[in-house]
Amino acid sequence: MRRDHADYFCTIEEGIKGKRAVQWRLVDEIAPNSKLEARVAERAKEFAAASRRNGNGKGIALTPLTRKIDDNGIRYGLVGVDIDRVQRIATISIQAPEAPPPADIDGMIAAGASFWPLQVARELDDAILHLRINELETAMLVFKSHGDRAHVLACDAFLEANKAHWLVNEVRQYWKRCSSASTLPRARW
């Protein structure tokens, strides 16, 4: 925003009228209240049609996570969290897959919500959210990994090789959200 526009904008109580807001590029466009919902729906369809993440094809039904909470932590299928409240440390353990990834996208879809990268991302996301909301005294997260590193690298290679597929892209984006939520570096297996 230009400095003179910012100064003017900040000094007037009534704000900026629609046409001027468009000229100053404060908003993309304006619409009267009577046409707002229709315009929002129209723009949403335009953005969805232009998106690379169009979602064409078969998806995966996300089943509820299996989670057991006790006094010492949380247990999932592939992720475990041990909470030491005295030292204010939560240790998150991630289990590597027991088998290599499927050979193709159809195998990934057949695996469903138990596809290792998807299941771990969902469990890790849930664990981090639980810690942030329910364990406010936790000061440090420690990540540990267990299992065969070759299977993890094979899963990573599968995701990289198929990144153009919409569902693989969604799994990759989910991992980015999880890792940024916890400032999780790439795990060492």
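1. In this predicted model, V22 sits in helix α2, which spans residues 18-23. V22 is partly exposed, its relative accessible area being 31%. Together with L26, V27 and I30, V22 forms a nonpolar patch on the surface, and the four have about 270 Å² of accessible area together.

2. As for the overall make-up, the chain has 7 helices and 5 strands. Read from the N terminus, the order of elements is α-α-α-β-β-β-β-α-α-β-α-α. The radius of gyration is 23 Å, well over the 16 Å that the globule rule gives for 189 residues, so the chain is more spread out than a compact globule. Along the principal axes, the C-alpha atoms fill a box of roughly 60 × 45 × 30 Å.

3. The largest nonpolar core holds 18 residues, and the members touching the most others are V79, V81, I92, I94, W116, V120 and L131. At least two residues each come from β3 (79-84), β4 (89-95), α5 (116-134) and α6 (149-161). Helix α5 gives the largest share, 6 residues.

4. Leaving aside residues up to four places away in sequence, V81 touches N72, G73, I74, R75, A90, T91, I92, A127 and L131.

5. A second, separate core has 16 residues, including I60, A121, V168 and C178.

6. Among contacts with a separation of 6 or more, 65% are between residues 24 or more positions apart.

Terms used: Residues numbered from 1 in each chain as written. Predicted model: local features only at pLDDT ≥ 70, side-chain atom pairs only at ≥ 80, totals over all residues. Heavy atoms only, no water. Core = buried A, V, L, I, M, F, W, Y, C linked by side-chain atoms within 4.5 Å. Buried < 20%, exposed > 50% of the residue type's maximum accessible area, 1.4 Å probe, protein only. Helix = DSSP H or I, 4+ residues; strand = E, 2+ residues; numbered from the N terminus. Contact = heavy atoms within 4.5 Å. Patch = residues over 30% accessible without salt bridge, like charges linked within 9 Å, V, L, I, M, F, W, Y side chains within 5 Å. Areas by Shrake-Rupley, 256 points an atom, 1.4 Å probe, with all protein chains shown as cover. Salt bridge = Lys/Arg side-chain N within 4 Å of Asp/Glu carboxyl O. Rg over C-alpha atoms; globule rule 2.2 N^0.38 Å.
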